[in-house]
Structure formats: C-alpha cells, structure tokens
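Here's a quick briefing to read with the model open beside you. Take it one topic at a time and find each part as you go.

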Amino acid sequence: MKKSILLAVLCLCCVFPHSVRAGAPPLDMEGLTAQMDELKALVVDLEAMVRSQQARLEDLEQANRALREGSVGPQVVLASPAPERAPVTAPGLSAFNPEIGMLADVTANLSQSRADTEGNDKLSVRELELIIGHDVDPYSRFDSTITFSDFEDVALEEAYITHWGLPLDLKGRLGRIRPKIGKASSVHRDQLDTVDEPLVVQSYLGVEGLYRTAAELSYFLPLPWERVTHEVTAGVMEGGIGEDGTLFGSTRRRPSLYTHLKNFVDFSDLTNLELGFTHLTGSKDADEHFEVNAVGFDATLVHYFTPQNKLKLQSELYLQNRDETDAGLDDNPWGLYALADYRLSPRFGIGGRFDFVEPVDNAVENPRDEDVAWNGYLTFYQSEFARWRAQYQHLEEADGGNDDKVFLQGTVAIGVHKHQLQ
Amino acid sequence: MKHFFAVLGALWALHFSAGAVKAETIRVVATLSTFADLVEKIGGEDVEVSFVAPPRFNPHFIEPRPGDVLKVRRADLFVHAGLDLEPWRYPLVDAAGKSELRPGGQRELDLSQGVRLLEVPAQVPTRAAGDIHIYGNPHYWLIPDNVRVMAVAIAEKLSEVDPVHSEAYQGRLRAFLDELDRRVEKWRQDAQGIRGKEAVAYHNDLVYLAEFLGLRVAQYLEPKPGIPPTPRQIQFLEGYIAERGIGAILQASFYPRGSSDSLARKTGAEVVLLCQNVGERPECGDYFALMDYNLSQLTSHFR
Ligand SMILES: [Zn+2]
C-alpha cells in the first residue's frame, strides 16, 4: 500500500514538467514552424529598430534640453530623467495606497483517516490570505493577514503594528502576531518547506502554529563580532493556544510569556548556522498561574553548493515541564522534527521530514508512547509567485492507528507579497 | 570604590574616543558590490563601505542575513538599485528599522534616479511579463553613460550626508570620470570586432552592455525575466541560433550552466561567461576591471 501511494505521488510529480512541454510544436508542422520563426525574427528585428530609434530620439531630446538649459559644461550628465523613465511605483514607494496582496493555498489531502477535519479526503482552498500592510509613519508599520478558508470561518491571523522608534534600538510588535517561538510556528504556513506544520508544532502549539494577541520586544545584543549575531525577543501574549494545540489550556484571560534567543553564525557566503532557544510559560488550568513550562531548541544549517543548489537542515525540539502526576500522565512530554530540504535546480526541490511527538494526554494502555511520521516531498517552483508541492506522509500514532496521507498543494500569490525576514 | 570610578572614567573616555573615530568616516551599505565599488572610488578614505549581496549570487534572489540587518541599522547611508532589482531590500530595510534609510528617507540613495532605462513597458506593469524587470530593465550599470550619472549621484549624496569632506568627494568624482572617459575610448576601440554581431543570453541583464558595444542580444534562455529556462524555450533557441548563425551564449557565472551547456552542445555555440557585478570573478575586482574582463571575453570569442 505504502509503495503504491509513493508511486502515485511520483507519477503526479512527473506530470508537472510535461505540462510545461505541452506547448511545443509537433514535428510534422516543420514548414509552419519555420515560418513562425521567420516571423519571430522579423518581429525581433523590428523591435531592435524601434528601440534604437527610440534611443536616438531620446538622445536628441536630451541634447536639446541641455542646450535650452545652457548646462553643457565639461560634464554632460543626464541629471534629469529620460522621457521613458520608469514610473516610480515600486512597492513601498507608492504614495498612500496600502500594499495589498493575496495568497491562495489550495490543497488536496488523501487520507485513510475517518476524521472530518481540515481538508481530509478532499480538494480545498485551505487558506486564502488577504495581506494588507503599509508604513504608518517613519517609525511604524501596520501589517495584517485575514484568512478565508472553505472549511472554517474568516480568521484574523495577524493585525499588528511594528514600531522602530523605541529607545535602545528596540523593535516592538503589538497586536495579533505569530509570536517569535522557534522556527516553524513563527512563519506563515506558505513559507514552510512542507505542506503541513511539523507534528510537534501541530500537537503542542496548534495545527496552523500559534498566533495570539501579544506585545513583543526584540533587541540585537550589541556584541562586536562581525559574523555572529544574537537577537533576544520577549513577549507577553493572551492565554490559550492554537487550534487543537495542547500545551496550554483554552482560557484566554491568563497571559502566557515567551522569550527567544536567536544566535546566527555566518561562516561564509555559502554556509550559515542558526541556533535558537525558546522558553514558554503559561497555564492549562484556569485556576493556576504559569504552571506549564516548555523549552524549545532549534537549529538550522544552510549550505549552498552552488548559487542554485541549496541544502537546508532544520530541527526543532520542544520539551514540556508540568505536574500531571495525579492524572497519571507524563510530566515531561517532548517532541521533535528533523527536516532536510535540497534545492536541486531553479525549478525543483526535494526533501524529507521526520516527526516524533509524545501526546500530552497519552493513555497508559496505548500501544505506543508517541506519534511518529515519515514525510517525503517534492516541490516544483513555477516562478517566484507560484509553487506546487506533493508530499507523502506515513504516520504511526500512539493509539495504535496508522495512516498514509498524500498532500498536493498549489500556492499562488498576487499583488504585493513580502515576507518579513526571519 | 576608587576602582569603580576609574573603570567608569576609562569607559567614558573610550566611548568618546570611539565616537571621535566614527565621526571621521561615514558608514555606507550598498545592496550590490558594484555600487559599493563606486562608493569606494568616490568616498575613498572618508567612507567605510560594505555590501549585502554576495557577488557570486544572483542579485535578484538574495536572502539577507541577520548580520546584514545589523549592518544596515548601523549605516549612515544605504545605496541601492531602485526599481525591482533587489526585491529583498524592502524586508531588509524594514527589519533594520531606521526611518532615514527607508524609501524616501534622507539617507537612502536610489541609483536608478536619472539613469537612462531601457525596456520600460509602455503599459501598466504586469507579472504576466515575468516576475521582475516590470519597471524597465534594472541592470543599468553595464553602460558607462549610466555609471557617470550614478557616480555624480553618489558624490552629491555623500557631500550631503558628510559636508565636511565634500571637496574630497568632488575631487575623486572628477578623477573617476576622467579615468572612465579614458577607458571608454579604449573599450570602444576594442569593441570594433563585436559591433553588429549577435549573441543570445541566459537572463536579460546585458542590454546595456550590448547597446554600448553595438552587440545584438534579443533572445534569452529564460522565457521571461526570472522564469527558469523551459524545454520549449530551449527548443526555440536551437532553431534561432542555427538559423542566425549565432556563436555565443552569454551568461553571468551565478546562473546554472546546464541549459546553456546543452544548448551549446546541440548548436555548436560557445558559452561565454561575463561578470554582472564587481567581485563575481577574481578578474572583475572593480568596475574598470569588470568591463575590461567582459570585453576581453567577448573580443576573444568574436575574434
Ligand atoms: Zn534581471
């Protein structure tokens, strides 16, 4: 069964490159092709002629203007823009229109699981993100992401102000954000290397990662090294946890606290390493304060073999600390994932992810202590703004069940879509 | 206690002496090594210049690192290409969070201002025409006329940010422009054998050089700027190259060689590597060396 699904995935992957080739002219139309090529060449010639005449026209116009302004000195420099200068409409320069982008994330998910959850056994628009942002004033910027889905209600995923004008070069974020917790949860799902969030993130923080209303400050430690940077982020966020997350309870009144230390080493243009440490504290029980703690470690190594061939190795580990002795549960459940992603060429990337996570409420009689999953995926980069991905997942659950899933994902972006640096 | 004050005093002295050293030079961060080279030529010892994009990488697709964010944050001047050459500079400047360096700020310099742009679309830009180059061709520094404009803009901006050294900047600008004039004459002579010849290129980043040298480059391995070569485009180029008797496939060294090499094998054309940016190859150590190298590559091919 597993093998046949893998085969199906591979077949599907092979369809993509062929679709690109589909437009090639058939061989029996040689005459027509030759004519087409002749026409193309003619058009190219005409284009070149128009271009050169345009250039000459401009030169004359400029000379004319220079003469009129009497500015023909020893340095004739075109200080004034040429007539066909680009309209200054680059993103961020446009006067007062907010930057608007839209991102559609369409996924098909084939699963053996009976659960009727997000996208099981169907093709769905998992997310349609409406991204709106703009500079507020020289010191702050507003960003928001509104998520539509054909399975859930409209959600306000992000709506926050970034503020730079703070003392000590502090940067602040206020509003609904993806808090700086580890790597995977702090980015949008469309920036992940896999279709789904790593299982440990899904299980502890939420299927879509964690987004909360929060106040967050970050600060680069003023250390003298050239190639090493350290950034500390700390925040307070509303209580509760992401959808189906189990780390904290659902009470939003009790705030949670988080801190993150990011250490980044630039070995060279080709190799860099990031080591991160996260601490989270909050509550599960509405009557208690900060009785659940968790620490996270993340490590990401990036190496470029050539400018096109990039290898990324990433791993995150989360360890909980709580008191569940009375309930007969593990006090220190933990989980991790390890991911390897390799960009084969400008168009293709492959990768794999291993997941291991101990469920927080695993019953003693369960045959296994943890959920384990093996994932393999292939990504086709159509352009900067469109990407296709097929992922196969074999899951062995703590309760004894096994599942094999196939995800197919298409992500397209229109309008302005800029990601924050991570 | 005495020790405490002594240490405090020493720290205070150190702080101010560090400040005094800083006041003598201004820190300039450029997006590209080529711009950094021009700033260095005009700023000389009065500036401390660095760049973000490693020249061995495609300047369109760079992932700035945290060290770059810090570098930009500490900069007195941020120099960039404008247009859509470096789409990554927006999140970089956002992350650095210094309002003067942001678009329209007092301490940013958009080098596209005033240069002569080619291939500016007549209609409203659309992504159907490719991911990048939607405001016109942004690789505008490979034609010396534009470099003159850029050098003048750099000198003006440096004088504005650091008026104390204004005279030195103007002096170095004159020296640079004189040197450029001399070189241009030589380059024009060297290019005699290239005039009227035709080549194809990997990415549409050579129109300015082509115009300067009288070379014709009209077809690219990338079907649209930023879109990797497709089998269909390669097939078209096979016919095009054969029909027009083209002998050269031009590309920067950071583009993959696979498609160009296979096209070269099929058509008998030769892949000619050219520098897009200063430092991309050891031979391209500064702007003059880069142009020298590109010319020697082309002349030895078309000889
Ligand atoms: Zn380009």
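**The disulfide**

In chain B, C275(B) and C284(B) are joined by a disulfide, with an S to S distance of 2.1 Å. Keep in mind that you're looking at a predicted model. Besides this link, we'll look at a sheet and a zinc site.

- Count the disulfides over all chains and you get 1.
- The link of C275(B) and C284(B) is right-handed, with 90° about the S-S bond.
- Are these cysteines buried or exposed? Both C275(B) and C284(B) are buried.

**The sheet in chain B**

- Chain B has an open sheet of 4 strands, and if you walk across it the order is 2-1-3-4, with parallel pairing.
- Strand 2 (47–51) and strand 4 (108–110) of chain B are the edge strands: each has a single partner strand, so one side of each has no neighbour in the sheet.
- Going from one strand to the next, the twist averages 20°.
- Helix 5 (residues 144–161) of chain B packs on this sheet and touches strand 1, strand 2, strand 3 and strand 4 of chain B. The direction of helix 5 makes about 165° with that of strand 4 of chain B.
- Strand 1 (residues 26–30) and strand 3 (residues 77–80) of chain B run parallel and are joined by 3 bridges.

**The zinc site**

- Which residues are the protein donors of the zinc ion? They're H60(B), H133(B), H139(B) and H203(B), each using its NE2 atom, at 1.9 to 2.0 Å from the zinc ion.
- Along the chain, the donors follow the spacing H-x72-H-x5-H-x63-H.
- H60(B) comes from the loop between strand 2 and helix 3 (66–73) of chain B, while H203(B) comes from the loop between strand 5 (198–201) and helix 7 (207–213) of chain B, so the pair ties together parts 143 residues apart in sequence.
- Why is the arrangement called tetrahedral? Because the 4 donor atoms around the zinc ion subtend angles of 102 to 114°, and the label requires all angles to lie between 85 and 135 degrees.
- For reference, the ideal angle for four tetrahedral donors at a metal is 109.5 degrees.
- H60(B) has a relative accessible area of 1%, and H203(B) has a relative accessibility of 1%. Buried means under 20%, so H60(B) counts as buried, and so does H203(B).

Definitions and conventions. Residues are numbered from 1 along each chain as its sequence is written. Chains are lettered from A and ligands numbered from 1 in the order in which they are written. This is a predicted model: local features need pLDDT of at least 70, side-chain atom pairs count only at pLDDT 80 or more; totals for chains, interfaces and linings use all residues. Side-chain values use heavy atoms; hydrogens and water are left out. A disulfide is a pair of cysteine sulfur atoms within 2.5 Å. Buried means under 20% relative accessible area, exposed over 50%, partly exposed in between (1.4 Å probe, protein chains only). Two strands pair if DSSP finds at least two bridges between them. Helices (H or I, at least four residues) and strands (E, at least two) are DSSP runs, numbered from the N terminus. Axes are lines fitted to C-alpha atoms, for helices over the stretch in contact, and angles run from 0 to 180 degrees between N-to-C directions. Contact means heavy atoms within 4.5 Å. Donors are N, O and S atoms within 2.8 Å of the metal (3.2 Å for Na, K and Ca); water is not among the atoms, so sites may look incomplete. Four donors count as tetrahedral if all angles lie between 85 and 135 degrees; four count as square planar and six as octahedral if opposite donors are over 155 degrees apart and all others between 65 and 115; anything else is irregular.
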